[in-house]
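Subject: Handing over the structure

Dear colleague,

I am passing this structure on to you, and below it you will find my notes on what was found. Please read them with the sequence and the coordinates open beside you.

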Amino acid sequence: MNKEYGWFVVIFIAVLFIQSTVVDFLISAWKPDLVLITLVIFAARYGRGPGATAGFLVGIISDVMSGPGTLIGLGALAKTITGYFAGSWARIAQEPSQFIFILFFSGLVHDVLYFSISTLGIEIEWWVLLQWHMFGSLLFTTIVGLLVYLLVGRRVVEKE
Amino acid sequence: MKIQTYLSLLKRPVALLLLYILLSVLLMQTGDNSALRGIRWTMLQVVEWIDDVQAGFYLTETVMKENETLKAENFDLRMTRQQMRELYHENQRLKEMLDFSERASLKYLLARVVGSGPETGIRTFILNVGSDDGVGENMAVVNPDGLVGKIKAVTPGQSQVQTLLDPNFFVSARLEASRVVGDVGGGGDFELALNHIPTNIPVEPGELVLTSGMSRIYHPGLKIGVVTEIKEDTRDLFQEILIRPSVNFRSVEEVFVVLTPLPEVAGK
């Protein structure tokens, strides 16, 4: 178990760097959230508790790695709840369609939490935000997530 | 409640969730302290460095692609420039020839040199005009510099010119100053001989040699060349005179075929 966690630490660090460098560099408008995909795969394998812990740690690192305007703790909060949420569905994430369902709703929970808190006190058009940012990125994340799941994620999620 | 009891509570996922939420909220409240700013600054430097490396790779690739494109463009431009130079020179030549053609009273047919004979030296040219264009045997061939030769053979689409440099070519010639008539021939190596000029006739280097008009082929007054050397031997009846052809046979590209026949030929 500890060795498996060790591998996941390495994978999370790698994904965090890819997310903040390659993905940001290559895609400008809508971006797939690779960290979220990894977190959901991790949570689907290990459940709510480890999912929440991984979400919290990865969220803090994401916050620190983000620009100076990012509120530290915000990503941690959103990802903690997302990890917990994804972990709650761990038992059913055995088929691609089920995984996609979990990934999509986990992403939705994450984005709604993140944007709700970060835009507190600011008047924004929620529909525009949902339409142009959240759903675009969420769709992108879901498609990339499906590919990742089919390539490697399925073997990771399946319990021995 | 003992510490072990609290720790055992953390084994429950809900308790963990609440703990992390609490910690996250606390971080949001107090997150902007100097220690965190330092960590964040360090992390950003690392990310920025990776970005720079990545941008460097991208830049190198872009520069290489751009370099290839520019090389191709450069080649194209050089080729175009070369073609333009060729066209410019051709234009100059044709303008000169047009000017020559307009000034002259004879009827000319412009022809392009498309080949030369298989023999050594420039003894024959192939022209892109033939009997279909009105070209016939023994017609004079000239260019603005002077006499080139005569038509030796004709096909419907092409004709062969025997040039002044052919050793078998002879033409009646006249010295411009003394008006004395001799004959030019026996050429070779871009030099001609003016024969049968008596030794008592004064000849100076640089004097023009023209066609005499005593011919059924060549109109009078066509430039043949310029005297370059006189070998005078009082024991001989005639002088040895060398002349340089006025036509530069190495660079002939277009010529005129003289279509107007000489009066006596026309009379026939």
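Val180(B) is found in the loop of chain B that runs between β6 (170–175) and β7 (181–188), where strands are DSSP runs of E with at least two residues, helices are DSSP runs of H or I with at least four, and both are numbered from the N terminus. With a relative accessible area of 17%, Val180(B) counts as buried, a word that here means under 20% relative accessible area, while exposed means over 50% and partly exposed lies in between, using a 1.4 Å probe and protein chains only. Once its neighbours within four places in sequence are left aside, Val180(B) is in contact with Ala173(B), Arg174(B), Leu175(B), Ile197(B), Pro198(B) and Ile201(B), contact meaning heavy atoms within 4.5 Å. From C-alpha to C-alpha, Val180(B) and His196(B) are 9.6 Å apart in space, and they are 16 residues apart in sequence.

Before going further, please keep in mind that this is a predicted model, in which local features need pLDDT of at least 70 and side-chain atom pairs count only at pLDDT 80 or more, whereas totals for chains, interfaces and linings use all residues. Residues are numbered from 1 along each chain as its sequence is written, chains are lettered from A and ligands numbered from 1 in the order in which they are written, and side-chain values use heavy atoms, with hydrogens and water left out.

Another buried residue of chain B is Ala111(B), which has a relative accessible area of 1% and is found in strand β1 (residues 108–116).

Helix α2 of chain B (residues 13–30) has 18 residues and reaches 26 Å from its first C-alpha to its last, close to the 26 Å expected at 1.5 Å a residue, the expected span being 1.5 Å times one less than the number of residues. The buried residues of α2(B) are Leu16(B), Leu17(B), Tyr20(B), Ser24(B), Leu27(B) and Met28(B). They cover an arc of only 110° around the axis, which puts them on the same side of α2(B); the arc is that of the directions from the helix axis to the C-beta atoms. On the face turned away from that buried side, α2(B) carries the exposed residues Leu18(B), Leu22(B), Gln29(B) and Thr30(B).

As a whole, chain B has 4 helices and 12 strands, and buried residues make up 34% of its 268 residues.

Turning to chain A, you will find 6 helices and 0 strands, with buried residues making up 48% of the 160 residues. Among the contacts in chain A with a separation of 6 or more, 69% are accounted for by residues 24 or more positions apart.

Leu151(A), which lies in helix α6 (residues 126–157) of chain A, counts as exposed at 61% relative accessibility.

With kind regards
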